[in-house]
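Please look over the sequence and structure below before reading on.

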Amino acid sequence: MPRMTMIEAIRSAIDIAMERDRRVVVFGEDVGYFGGVFRCTAGLQQKYGRTRCFDTPISELGIVGTAIGMAAYGLKPCVEVQFADYVYPAYDQIVSEAARIRYRSNGQFTCPIVIRMPSGGGIFGGQTHSQSPEALFTHVCGLKVVVPSNPRDAKGLLIAAIDDPDPVIFFEPKRLYNGPFDGHHERPVTPWSRHPLGEVDAGHFTVPLGKAEVRRKGDSVTVLAYGTMVYVAEAAAEETGIDAEIIDLRTLLPLDLDCIVESVRKTGRCVVVHEATLTSGFGAELAALVQEHCFYHLEAPVGRVTGWDTPYPHAQEWDYFPGPARVGEALVRAMEA
Amino acid sequence: MAVAARKASRSDAVPSAVKSRAARKAQSSAQKKGVASFTKEEDLFAYREMLLIRRFEEKAGQMYGMGLIGGFCHLYIGQEAVVVGMQMATKEGDQVITGYRDHGHMLACGMDAKGVMAELTGRRGGYSKGKGGSMHMFSKEKNFYGGHGIVGAQVSLGTGIAFANRYRKNDAVCLTYFGDGAANQGQVYESFNMAELWKLPVVYIIENNRYAMGTAVSRASAQTDFSKRGASFNIPGEQVDGMDVRAVKAAGERAIEWARSGKGPYILEMQTYRYRGHSMSDPAKYRSKDEVQRMREEHDPIEQVRRRLIDQWKLSEDELKAVDAKVREIVNEAAEFATNDPEPDAAELYTDVLR
């Protein structure tokens, strides 16, 4: 099976979707001629022409708004917002139009769009190139929210997202593009070519939306994570020697609650991990669900390890980033309770 | 690509202005004045200021290469005449706000090179104590309102600053800079409408360096004459040779006078060029080496002034060398400070989130 980076896997997914379905169109800032700042669309304009893969002005509201119009009339746009931090001008269109057009048109019009955006920190991007704004979208009914953590899932989930009849917000943790970053920034990252999840089927396949995956089997404590934090949690389990069961949520909406409940009922302990800020983060929803569904199985409070409630700092990136040490401490606390 | 370059150079050759009555008036006065020549002092001043920006940016590029600066770093090399010429047209109290290619603006506003460089390296002596980084720093003292990492976001803010000027009845003008890329953001036009409606003292300076990140102007803009972008709001505009600091200053004076006298906003499209990639990770493969080389050789803003200093003002090699040495000294001091200054305390993480 071929080896791919997450970038190549995403490109392969878009390529296959475009090949199979002429309704799929791909656009965004620098996406066409240049092939995307992270190269996720490199070569697609050459292959499919400028009417199917093209550049847009720097105009996120315009990109998303026109995509919604296209989708309402039968196309399947897969657009890129260059950084998740740039999505806010488009937020109105996503919330008020994309997420609601099905409901308010009595199902006559739908919005099958995918909005891809690189998210997360660890690249010294400062406050406007590092954010993880997933909770702003999980709070909106009518959307699906996906966060892959490896090339195989990225490809399968993206094809599924493009196939999906509803709007999908597709976050790509940019620190994972080239390898499974585990928070040890002082060490080189293992490239995907040397990781089993870098093996990606060259053809068409899907990873269903709404299905989590247990990434590490364990009996002591359940860790709920997604994106980069999956590898941070793996490192923390390794380094503390705690037999954690690590669940990679993969999609936040719809959420695989069955998988979570089954695991927490088994372990009796739960730690939620994400890179975004703490207050009203997606971890709050997870903690609430866990206590609702697993209260009588819990032997410790549900812990949360997240970014601090501050803007993403430039200088103190690694103080902000919830690395393996902080996750490890939370695991120890959960075990000691 | 070649077509785009030809188109751009054609429009370079024929500066035009919008055809509103106000604009025609402004344009005709511009033509009468032509490009004012500089005094020796002005040329020397412009030379020193532009050279400081260039050497600072070259040093920043080096320090990035050495790993001392991380993340994002957008160099202003090639565009120096724009901000320097504009600053020469301002008076005390005028404000400046810009996007992420901001180091030059800060130096031209008189901010300390040490503080700017230390922000790039994320040290506590940086203007935002290292927490902002290259794109996010400010100086209340120098009326510099940032440094904004989101493309186009500063345009609305600059409009608001101009509103505050009007409200407070001071006679300051807010110089609001953005690029050809930002000019396609929706909020720019919401701002234009309000600025003209309320006659706000703001000058919109569009630094058209021909590429919005990796996308050439002609591939992203339906109207590539940015001076016309205010036409439907009746905002006058003109295209300016942004590589000639004298032309910039002259246009800046006209625009600032217009805004200061209560006539409302004014648009200046600065036709300029960035020599480097969009950011440090951009190899700039979307344009030819020849194109960059031609701009450097034929239009370099600093070289133009240097030639005048030698040919017209008869400055000796030694005099020029003294200026160069002084500039290098400032830049080296800044680099040394930014390398040795400590990082902020971890406790600093939570300061200035709220009061």
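## A strand pair in the sheet

The model is predicted. In strand β9 of chain A, A:Ala244 is the residue opposite A:Val221. Strand β8 (residues 221–225) and strand β9 (residues 244–248) of chain A run parallel and are joined by five bridges.

Strands of a sheet pair through backbone hydrogen bonds, and the pairing is either parallel or antiparallel.

## The sheet as a whole

Both strands belong to an open sheet of five strands in chain A, with the order β7-β9-β8-β11-β12. The pairing in this sheet is mixed. At its edges are β7 (213–216) and β12 (303–307) of chain A, each of which pairs on one side only. From one strand to the next, the twist averages 25 degrees.

## Helices across the sheet

Helix α10 of chain A, residues 282–294, lies across β8, β11 (270–277) and β12 of chain A. Its direction is at about 160 degrees to β11 of chain A.

Helix α12 of chain A, residues 324–336, also lies across β8, β11 and β12 of chain A. For helix α12, the angle is given to β12 of chain A and is about 170 degrees.

## A residue in a loop

A:Arg187 is in the loop between β6 (168–173) and β7 of chain A. Why is A:Arg187 classed as partly exposed? Its relative accessible area is 44%, and partly exposed covers values between the buried limit of under 20% and the exposed limit of over 50%.

A:Glu199 is twelve residues from A:Arg187 along the chain, and the C-alpha atoms of the two are separated by 23 Å.

Key: Residues are numbered from 1 along each chain as its sequence is written. Chains are lettered from A and ligands numbered from 1 in the order in which they are written. This is a predicted model: local features need pLDDT of at least 70, side-chain atom pairs count only at pLDDT 80 or more; totals for chains, interfaces and linings use all residues. Side-chain values use heavy atoms; hydrogens and water are left out. Two strands pair if DSSP finds at least two bridges between them. Helices (H or I, at least four residues) and strands (E, at least two) are DSSP runs, numbered from the N terminus. Axes are lines fitted to C-alpha atoms, for helices over the stretch in contact, and angles run from 0 to 180 degrees between N-to-C directions. Contact means heavy atoms within 4.5 Å. Buried means under 20% relative accessible area, exposed over 50%, partly exposed in between (1.4 Å probe, protein chains only).
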